[in-house]
Amino acid sequence: MAAWSSRKLLRDVFLKRAVSNRISAVRDFSSAPENAPKIGYYSKKGRLLTGATLGLLIAGGAYVSTVDEATFCGWLFSATKLVNPFFALMDAEFAHRLAVSAAARCWVPREKRPDPSILGLEVWGRKFSNPVGLAAGFDKNAEAVDGLLGLGFGFVEVGSVTPVPQDGNPKPRMFRLRNEGAVINRCGFNSEGIVAVAKRLGAQHGKRKLDETSSTSTQNNEVKQGGKAGPGILGVNLGKNKTSEDAAADYVQGVHTLSQFADYLVINVSSPNTPGLRMLQGRKQLKDLVKKVQAARDEMQWGEEGPPPLLVKIAPDLSKEDLEDIAAVALALHLDGLIISNTTISRPQPADENPLSLETGGLSGKPLFNLSTNILKEMYILTRGRIPLIGCGGVSSGEDAYKKIRAGATLVQLYTAFAYGGPALIPQIKAELAACLERDGYKSILDAVGADCR
């Protein structure tokens, strides 16, 4: 592909130069007087410049044509680092919208290199090429699923999606704590609603099916990586409207409309920016809610793959008693998984020293890592390792992801580090994680899950 692009570039340059040279030659011959020596001088200079330019293009094109696809792909990801300083100069929410738009138009690099085999795993009967995912909150309205999965994430979670469109809280509502590698947000479930998201996911799902039908390269005995949205697994995170009085009805509506497009579903009851939402984490409230959502999912007709797994996303600001209640509900109702955790209303060090820490909202990023990892480890012990856990909060390196896995996570998610580091961070984390596993003698991700709890 690189060789073809370089050859096409050279051909276009040659044609344009040839045409422009003919036109300028005719113009010079017809209008210039015979005793104008300067024309010859500039023509010679122009020829030298043209020759040098073409020489560089030919040399560059010849070099690129000899580079393998993996190396060229690595260049593209590394080149994205040059853009990060420009995003840092923009308003946080505007930069976020610009990043989503770029991914939606596939103006981001596409990962062509296979993931290290040690990172592959199967969860809920779905095959993940790697355990590193993008958390909900980045692509709230499922605008950029294809572009984001193409970056090399093992899975992408869209949402939170509310039944009825809502604007969320007034702006400004996103604040960077750059020195601490953190962000505070109080967006409040700004969402285009389930109808808009269903249309986008439906179109994506249809395209995927069409590609599978028309493709002859996939053999029947070949193990297919990915899920309903393409090369990776797609999760859909469901929320409730701010003014809704019946939370269960909102989640049920989300299940009925969006579950057919999801590889897994998430009940988000832990955002700190919707009044009363975290009250749904109480034992009785959570039990009643999960029962209703499970019933709504199970009453639908499903094919051989069965219904999508149902997870609950919890907060990091929970007491030991709260965690025990959630674990009891998860085990009793055979919940498919838990995401640990959402943003925190506390201000862990060193974020508490930043003046922006006084802004209300949930904090994410590096200062959340220890708090969320401790909650993750506690929940792994309480559930006795019987329920897959997704570790989320403060992951910014392969070592961080490895610590989450050793604390009990089967999969990990990031968001804030991706917002700061850009696409180049993804292959870096995967390579570092693979190195950590190999360093400690593990043959797979699953062998390392909960190692620090044994």
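Strands are DSSP runs of E at least two residues long, and helices are runs of H or I with at least four residues, both numbered from the N terminus. The element names in the legends below follow this convention, and the model shown is predicted.

**Figure 1. Overall view of the predicted model, with its secondary structure.** The protein comprises 15 helices and 13 strands. Of its 454 residues, 51% count as buried. Among contacts between residues at least 6 apart in sequence, 74% join residues at least 24 apart.

**Figure 2. Trp 124 in the loop between β1 and β2.** This loop connects β1 (121-123) to β2 (126-128), and Trp 124 lies in it. The backbone of Trp 124 has a phi near 55°, a positive value in a residue other than glycine. Trp 124 has a relative accessibility of 17%, and because buried means under 20%, the residue counts as buried.

**Figure 3. The aromatic cluster that contains Trp 124.** One aromatic cluster is formed by Trp 124, Phe 128, Phe 155 and Tyr 264. Both Trp 124 and Phe 128 are buried. Phe 128 belongs to β2 (126-128), while Phe 155 belongs to β4 (155-161). The structure holds eight aromatic pairs.

**Figure 4. An aromatic pair within helix α3.** Phe 72 and Trp 75 pair edge-to-face, with 6.2 Å centre to centre and 65° between the planes. Both residues lie in helix α3 (residues 69-79), three residues apart, which is about one turn of the helix. Phe 72 is partly exposed at a relative accessible area of 29%, and Trp 75 is partly exposed at 37%. The rings of Trp 124 and Phe 128 can be set beside this pair: their centres are 6.4 Å apart and their planes at 65°, so they too are edge-to-face.

**Figure 5. Arg 105 and the ring of Trp 107.** The charged end of Arg 105 sits over the ring of Trp 107. Its distance from the ring centre is 5.7 Å.

**Figure 6. Two buried cysteines.** Cys 73 has a relative accessible area of 3% and is buried. Cys 187 is buried as well, with a relative accessible area of 5%. How many disulfides does the structure contain? A disulfide is a covalent bond between the sulfur atoms of two cysteines. With a cut-off of 2.5 Å between cysteine sulfur atoms, the count comes to zero disulfides.

**Figure 7. Phe 189 in the loop between β6 and α7.** Phe 189 is placed in the loop that runs between β6 (182-185) and α7 (194-214). Phi of Phe 189 is near 55°, a positive value in a residue other than glycine. Is Phe 189 buried or exposed? At 6% relative accessibility, Phe 189 counts as buried.

**Figure 8. Two cis peptide bonds.** Lys 171 and Pro 172 are joined by a cis peptide bond with omega about 0°. Pro 172 lies in the loop between β4 (155-161) and β5 (174-177). A cis peptide bond also joins Ile 340 and Ser 341, where omega is about 15°. Ser 341 lies in the loop between β10 (337-340) and β11 (362-365).

**Figure 9. Packing of helices α11 and α12.** Helix α11 (residues 369-382) packs against helix α12 (residues 398-407) at an angle of about 25°, and their axes are 8 Å apart. Angles under 35 degrees count as roughly parallel, and α11 and α12 are therefore roughly parallel to each other. From α11, the contact involves Phe 369, Ser 372, Thr 373, Leu 376, Lys 377 and Tyr 380. These residues meet Asp 400, Lys 403, Lys 404 and Ala 407 of α12.

Figure 10. Leu 446 lies in helix α15 (residues 445-448). Leu 446 is partly exposed, with a relative accessible area of 45%. Which residues does Leu 446 touch, not counting residues up to four places away in sequence? They are Leu 121, Glu 122, Thr 410 and Arg 454. The C-alpha atoms of Leu 446 and Ile 405 are separated by 8.6 Å, although the two residues are 41 residues apart along the chain.

Conventions
Residues numbered from 1 in each chain as written. Predicted model: local features only at pLDDT ≥ 70, side-chain atom pairs only at ≥ 80, totals over all residues. Heavy atoms only, no water. Buried < 20%, exposed > 50% of the residue type's maximum accessible area, 1.4 Å probe, protein only. Phe/Tyr/Trp six-rings, centres within 6.5 Å; stacked < 30°, edge-to-face > 60°. Lys NZ or Arg CZ within 6 Å of the ring centre and 35° of its normal. Axes fitted to C-alpha atoms, helices over the stretch in contact; angles between N-to-C directions. Parallel < 35°, antiparallel > 145°, perpendicular 65-115°, else oblique. Contact = heavy atoms within 4.5 Å.
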